[in-house]
Amino acid sequence: SSASLGVRKPERAFFAKVVELMGHPAGEVAYVGDRVDNDVLPAAAAGLVAIHVRRGPWGRLQRTPPEATVRLDDLASLPDALASLV
């Protein structure tokens, strides 16, 4: 969570810390979020694989931007979506 990292989304430093924790290059780290403004766009800007999951109010109200690598309608589809990227 952003609280445990000491930096809040959508700050670029948050996504840099996520990448650091994963121990892989940003392009090999997938970030899944329902908010375009707080999750998808900043993750993509930081070089992560940005996945927009269309669930809950934010996921349905905001259009999936072209910066998103994948758009999902549910989290159950995530494993197959990630496998298709490899």
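View 1. Arginine 60 is partly exposed, with a relative accessibility of 44%; here buried means under 20% relative accessible area, exposed means over 50%, and partly exposed is in between (1.4 Å probe, protein chains only). This is a predicted model, in which local features need pLDDT of at least 70 and side-chain atom pairs count only at pLDDT 80 or more, while totals for chains, interfaces and linings use all residues. Residues are numbered from 1 along each chain as its sequence is written, and side-chain values use heavy atoms, with hydrogens and water left out. Arginine 60 forms a salt bridge with aspartate 73, and their closest N and O atoms are 3.8 Å apart. A salt bridge is a side-chain nitrogen of Lys or Arg within 4 Å of a carboxyl oxygen of Asp or Glu. Arginine 60 sits in helix 4 and aspartate 73 in the loop between strand 3 and helix 5, so this pair ties together parts that are 13 residues apart in sequence. Helices (H or I, at least four residues) and strands (E, at least two) are DSSP runs, numbered from the N terminus.

**View 2. Arginine 54 also meets aspartate 73.** The side chains of arginine 54 and aspartate 73 form a salt bridge at 3.7 Å, N to O. Arginine 54 belongs to the loop between strand 2 and helix 4 (56-61), and aspartate 73 to the loop between strand 3 (70-72) and helix 5 (78-85), so the pair ties together parts that are 19 residues apart in sequence. Arginine 54 counts as buried at 17% relative accessibility, whereas aspartate 73 counts as partly exposed at 40%. Now look back at aspartate 73 and arginine 60, which also form a salt bridge. Salt bridges with shared partners join Arg54, Arg60 and Asp73 into one network.

**View 3. Arginine 35 pairs with aspartate 37.** How many salt bridges does the structure hold? There are four. One of them brings together the side chains of arginine 35 and aspartate 37, at 2.8 Å from N to O. Arginine 35 is partly exposed, with a relative accessible area of 24%, and aspartate 37 is partly exposed too, at 38%.

**View 4. Histidine 52 in strand 2.** Is histidine 52 buried or exposed? Histidine 52 is buried, with a relative accessible area of 0%, and lies in strand 2 (residues 49-53). Not counting residues up to four places away in sequence, histidine 52 touches several residues, including Gly33, Val40, Thr64 and Leu72; contact means heavy atoms within 4.5 Å. The side chain of histidine 52 also reaches the backbone oxygen of aspartate 34 at 3.3 Å.

Definitions and conventions:
Polar contact = N/O pair within 3.5 Å; in protein donor to acceptor, adjacent residues only side chain to side chain.
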